[in-house]
Amino acid sequence: MNTIPSDFTCAFRQIARHRAFSATVIVTLALGIGATTTFFSILNALTFRPLAFPDSDRLVAVRTFERPRTTSSEASYSSVLDVANSTPALRSAVAFTSRDVNAAGAEGAERSLSSAVSGDLFDLLGASFSIGRPFLAEEHRSHAAVAVISHTFWTRHYAADSLAIGRPVVIDGRALDIVGVAPEGFGFPRDTDIWVVMDESATPPSVDVVGRLPDGVSVAQANAALAAASIDVGSAQGRPLSLSVGVMRLREWMTPAKQQRFITAMLFATVLILLIACANLAGLLVAHLGSRRQEIGVRTALGARRGRL
């Protein structure tokens, strides 16, 4: 044990004596390890780490798929919701659409992201409110002028004051009463600041739909049930739907396959560069060892063992 401090002292002396060589080794390893760690952290966050929702593996994005040899008109998002809500393969489904708005709170105006939702998105995603409440069913039916704001927006514009409930927030000149503050860290979709009730008459036909699978129902089973429900809903409407409704994991929808493949490729490329750098450093160390032959010979003659050398 007494030899350890002297070994460290000798090592630091070697580093100080060969500063350029030591700096090259340290910087090369630091850049390689840092780049590899960064890309793995991104890949882990986008692909492997569960979403920040309870039972996130049951959450799915409801998507439409072209049905071959169909000449009828394109299905509207209301038809997609009809299909999603007509089968027990989905416990619930909510449509939403997002856009940038001019939002004015108590501390001035700013450009913010607003999302209009057709149902109780917060209950679907398992978000619990400590300040205020989510939208009520009556507010959805009447398209009430109410809003839920994010925890960040609440802190920034209302100084985290609980009395913000009932106060107005103005979106593109329209005043909405605040009924709730979303939990801290909740921002689905895409870091939304303000949620409002969806008005079907003013909503574009192309919206996104998120749902939750019941326990024991797989994605394949849900897709089979939704395909059958698409035919039934089209028959009930008097015309077949041109699109078949299906689902995919919410994680897959939030992180497209192309993006995952790109990050994975970059991670492997970074690891390859790190391995090449390590091989080059090994060659430098072998070459540097040749310049220390005299020193190593003296230390060996003085009784230093191979392990300490």
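Helices here are DSSP runs of H or I with at least four residues, strands are runs of E with at least two, and both are numbered from the N terminus. What you see is a predicted model, where local features need pLDDT of at least 70, side-chain atom pairs count only at pLDDT 80 or more, and totals for chains, interfaces and linings use all residues. Residues are numbered from 1 along each chain as its sequence is written, and side-chain values use heavy atoms, leaving out hydrogens and water.

**Stop one: helix α5.** Select residues 137–142, and you'll find E139 in this helix. Is E139 buried or exposed? E139 is buried, at 9% relative accessible area; buried means under 20%, exposed over 50% and partly exposed in between, using a 1.4 Å probe and protein chains only.

Now show what surrounds E139. Skipping neighbours within four places in sequence, E139 is in contact with R133, P134, A144, V146, V179 and V197, where contact means heavy atoms within 4.5 Å.

**Stop two: helix α6.** Move on to residues 151–158, where F153, W154, H157 and Y158 are buried. These four sit on the same side of α6, because they cover an arc of only 100° around the axis, taken from the directions from the helix axis to the C-beta atoms.

**Last stop: the whole chain.** Zoom out to take in 10 helices and 10 strands. Of the 309 residues, 36% count as buried.
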